[in-house]
Amino acid sequence: MTSTIIIIAAVVIIALILISMYNNLVKLRNNRENAFANIDVQLKQRYDLVPQLVATVKGYAAHERELLEKVTAARSACMNATSINDRVQADNALGAALSGLRVAVEAYPDLKANQNFLQLQNELSDIENKLASVRRFFNSATKELNTAVQSFPSNIIAGMFGFKKEPMFEIPASDRAAHEKAPEINF
């Protein structure tokens with residue numbers, strides 16, 4: 001009788017531990033998805049701002065058509081991406097295109113003095129700062145999930161229920177060299 005109670009108690013304790021691990025994995029996955037939703041909010045603001053910025057620059061830089069088309073195409077790809085990983089890749093492409101646009105703008109002193117452009121540039125800078133912050137939070141949430149998915153004994157539960165290691169929001173390897181180089185400052 002006593003051994004039966006001990007066995008039942010052990011089974012209940014193990015079941016509670018397994019349920020707790022599963023619930024923790026669900027919580028971490030949802031936290032990561034929420035973190036990406038925060039990125040989505042900032043990206044939506046960025047996507048809404050990009051056409052205004054492109055239209056303003058277009059008036060000054062008509063011959064920069066290819067660059068403006070890249071920005072527009074990258075924005076469209078971001079808007080049409082469906083998975084988190086696709087959105088990360090599309091956003092990296094948009095970031096690269098916007099960097100190219102910023103470099104091209106340097107050639108137009110009148111544009112840099114235009115109030116509309118300055119306001120758009122300030123808004124875009126603010127959004128980029130917010131994006132950096134929410135990306136850090138996303139990567140932190142992803143790291144927590146990945147740690148739980150890879151740590152014993154929760155990795156057993158993770159494997160049983162299809163939880164897997166998720167990618168971080170990173171700069172693509174092709175763009176890494178450009179981001180590691182110090183920016184040029186011209187006066």
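Biologist: Helices here are DSSP runs (H or I) of at least four residues, strands (E) are runs of at least two, and both are numbered from the N terminus. What pattern does the protein follow along the sequence?

Modeller: This is a predicted model. Read along the sequence, the protein follows α-α-α-α-α-α-α. Its secondary structure comes to seven helices and zero strands.

Biologist: How much of the protein counts as buried?

Modeller: Of its 187 residues, 33% count as buried. The protein exposes about 11700 Å², and carbon and sulfur atoms supply 58% of that area.

Biologist: And the contacts: what share join residues at least 24 apart?

Modeller: Among contacts between residues at least 6 apart in sequence, the share is 76%. For an individual pair, consider Gln 52 and Leu 120, which are 68 residues apart in sequence and 7.6 Å apart in space, C-alpha to C-alpha. Gln 52 is found in helix H1 and is partly exposed, with a relative accessible area of 43%.

Biologist: Changing topic, how many salt bridges does a search of the whole structure find?

Modeller: The search finds eight salt bridges. Side chains of opposite charge can pair when their charged atoms come close.

Biologist: Which residues are linked in a network of salt bridges?

Modeller: The network links Arg 46, Asp 91, Glu 128 and Arg 135. Within it, the side chains of Arg 46 and Asp 91 meet at 2.3 Å, N to O. That pair links distant parts of the chain, with Arg 46 in helix H1 and Asp 91 in helix H3 (residues 84-105), 45 residues apart.

Biologist: Are Arg 46 and Asp 91 buried or exposed?

Modeller: Both Arg 46 and Asp 91 are buried.

Biologist: What about Glu 128 and Arg 46, at what distance do their side chains meet?

Modeller: Glu 128 and Arg 46 form a salt bridge at 2.7 Å, N to O. Glu 128 lies in helix H5 (residues 115-150) and Arg 46 in helix H1, so this pair ties together parts that are 82 residues apart in sequence. Glu 128 is buried, as is Arg 46.

Biologist: Which residue does Asp 48 meet in a salt bridge?

Modeller: Asp 48 meets Lys 44, at 2.9 Å from N to O. These two residues are separated by about one helical turn, because they are four residues apart in helix H1. Asp 48 is partly exposed, with a relative accessible area of 36%, and Lys 44 is partly exposed as well, at 41%.

Biologist: Now Arg 87, please. Where is it found, and why does it count as buried?

Modeller: Arg 87 is found in helix H3. It counts as buried because its relative accessibility is 14%, and the cut-off for buried is under 20%.

Biologist: Which residues does Arg 87 touch?

Modeller: Leaving aside residues up to four places away in sequence, Arg 87 touches Phe 36, Asp 40, Leu 43, Tyr 47, Cys 78 and Ala 81.

Biologist: Last topic, the surface. Which residues form a nonpolar patch there?

Modeller: Ile 8, Val 12, Leu 16 and Ile 19 form that patch, and together they have about 370 Å² of accessible area.

Biologist: Where does Leu 16 lie, and why does it count as exposed?

Modeller: Leu 16 lies in helix H1, which covers residues 2-60. Leu 16 counts as exposed because its relative accessibility is 53%, and exposed means over 50%.

Methods. Residues are numbered from 1 along each chain as its sequence is written. This is a predicted model: local features need pLDDT of at least 70, side-chain atom pairs count only at pLDDT 80 or more; totals for chains, interfaces and linings use all residues. Side-chain values use heavy atoms; hydrogens and water are left out. Patches are made of residues with over 30% relative accessible area and no salt bridge: like charges are joined within 9 Å, nonpolar side chains (Val, Leu, Ile, Met, Phe, Trp, Tyr) within 5 Å. Accessible areas come from the Shrake-Rupley method with a 1.4 Å probe; for residues, only the protein chains shown count as cover. A salt bridge is a side-chain nitrogen of Lys or Arg within 4 Å of a carboxyl oxygen of Asp or Glu. Buried means under 20% relative accessible area, exposed over 50%, partly exposed in between (1.4 Å probe, protein chains only). Contact means heavy atoms within 4.5 Å.
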